[in-house]
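Here are my notes on the model. Please read them with the structure open beside you.

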Amino acid sequence: MNDIVYIDQGQLKTNSVLLADLFGCHHCDVLRRLNSLVSTGYFNERDFVLIKYTDIKGQQGAMYELTDRAFLIATSFIGGVNLKEGQLALVDAFLEKRALLNAQHQAKQITRSIH
């Protein structure tokens with residue numbers, strides 16, 4: 001499986017396509033659940049960003065890009081046959097990527113202090 005968490009402009013993110021695959025759901029079901037969640041208005045727009053993407057068949061579609069905060073909120077609403085395993089894998093992936101970001105940040109700090 002591709003990385004389920006990625007770094008975009010210094011932020012940790014995942015997306016609804018990756019979540020659907022990880023949790024064993026259809027992407028349309030994940031989109032519907034996330035749309036319902038976002039429509040409550042309780043969440044920051046930056047945490048759930050609806051974007052366009054091209055699927056493996058070359059067709060255009062919509063997907064949500066989620067921050068780590070959004071994923072923590074959303075996972076209990078997504079469901080799926082792999083819910084527990086998906087949540088564990090996602091948490092581990094976010095922690096691993098966060099450690100990587102922190103190490104990169106510390107390396108930059110050290111480099112700056114040397115020069």
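**Notes on ring pairs and a helix contact**

1. Phe71 and Phe94 are both buried (under 20% relative accessible area with a 1.4 Å probe, protein chains only). This is a predicted model, where local features need pLDDT of at least 70, side-chain atom pairs count only at pLDDT 80 or more, and totals for chains, interfaces and linings use all residues. Residues are numbered from 1 along each chain as its sequence is written, and side-chain values use heavy atoms, leaving out hydrogens and water.

2. The whole structure holds two aromatic pairs (ring centres of Phe, Tyr or Trp, its six-membered ring, within 6.5 Å). In one, Phe48 and Tyr64 have centres 6.5 Å apart and planes at 90 degrees, so the pair is edge-to-face (over 60 degrees). Phe48 sits in strand β3 and Tyr64 in strand β4, 16 residues apart (strands are DSSP runs of E, at least two residues). Phe48 is buried at 6%; Tyr64 is buried at 5%.

3. The rings of Phe71 and Phe94 are stacked (planes under 30 degrees apart). Their centres are 4.5 Å apart and their planes at 10 degrees. Phe71 belongs to helix α3 and Phe94 to helix α4, so the pair ties together parts 23 residues apart in sequence (helices are DSSP runs of H or I, at least four residues, numbered from the N terminus).

4. How do α1 and α4 cross? Their axes (lines fitted to C-alpha atoms over the stretch in contact) come within 8 Å and cross at roughly 130 degrees. Such angles run from 0 to 180 degrees between N-to-C directions.

Terms used: Buried < 20%, exposed > 50% of the residue type's maximum accessible area, 1.4 Å probe, protein only.
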